[in-house]
Each structure stands twice: as structure tokens, then as C-alpha cells.
Amino acid sequence: MPGKEETMREMDDAAKLAGEEFEKHCDEWSCKDVVKWWASWYLKAGHKRLGRILVARSKREQ
């Protein structure tokens, strides 16, 4: 079983990949697509990290 630090590193890595996918498709995705994206990533990256991706995008849009 991986240690806490390794698990956090894996989640950070997954969030990086999730963020790259989100940025690649964000302008063409519907809300339903974002829901599917979230569902496919939240167990690997965690809700907090995915939320940070969305917040960062919203700040850039302002």
C-alpha cells in the first residue's frame, strides 16, 4: 500500500493530466461533458484539485 506522500504525488500527477485534458477541450465542451470529465477524474485526482482547475480557469476568464 502506498504511503501518504506517494498517494498525494499520484493525485497531483493525475490532476495535472486532468487539467491538461480540461484545457484542451474546455472551449468546446458542454456542461454534460464537464460532468463526465469530473466523474472520470475525481477518484484519481480528488475533488479539491479538480475544483482548483475550474477556479483557475474562471479567474483567467475574468
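Cys31 is exposed, with a relative accessible area of 63%. This is a predicted model, and it holds 0 disulfides and 6 salt bridges.

**Cysteines**
- Cys26 is in no disulfide, and its nearest cysteine sulfur, that of Cys31, is 11 Å away.
- A disulfide needs two cysteine sulfur atoms within 2.5 Å, so the 11 Å between the sulfurs of Cys31 and Cys26 is too far for a bond.

- Arg57 is located in helix H3, which spans residues 47-61.
- Arg57 is buried, because its relative accessible area is 11% and buried means under 20%.
- Beyond its neighbours within four places in sequence, Arg57 contacts Phe22, Glu23, Cys26 and Asp27.
- Arg57 and Glu23 form a salt bridge, with their closest N and O atoms 2.7 Å apart.
- That pair links distant parts of the chain, as Arg57 is in helix H3 and Glu23 in helix H1, 34 residues apart.
- Glu23 is partly exposed, at 33% relative accessibility.
- Asp27 also forms a salt bridge with Arg57, at 2.6 Å between the closest N and O atoms.
- Asp27 lies in the loop between H1 and helix H2 (31-45), so its pairing with Arg57 in helix H3 ties together parts 30 residues apart in sequence.
- Asp27 is exposed, with a relative accessible area of 71%.
- A network of salt bridges links Glu23, Asp27, Arg57, Arg60 and Glu61.

**A pair within helix H1**
- Glu20 and Lys16 form a salt bridge of 2.8 Å, N to O.
- Both residues lie in helix H1 (residues 4-25), 4 residues apart, which is about one turn of the helix.
- Glu20 is partly exposed at 41% relative accessibility, while Lys16 is exposed at 54%.

Definitions and conventions. Residues numbered from 1 in each chain as written. Predicted model: local features only at pLDDT ≥ 70, side-chain atom pairs only at ≥ 80, totals over all residues. Heavy atoms only, no water. Buried < 20%, exposed > 50% of the residue type's maximum accessible area, 1.4 Å probe, protein only. Helix = DSSP H or I, 4+ residues; strand = E, 2+ residues; numbered from the N terminus. Contact = heavy atoms within 4.5 Å. Salt bridge = Lys/Arg side-chain N within 4 Å of Asp/Glu carboxyl O.
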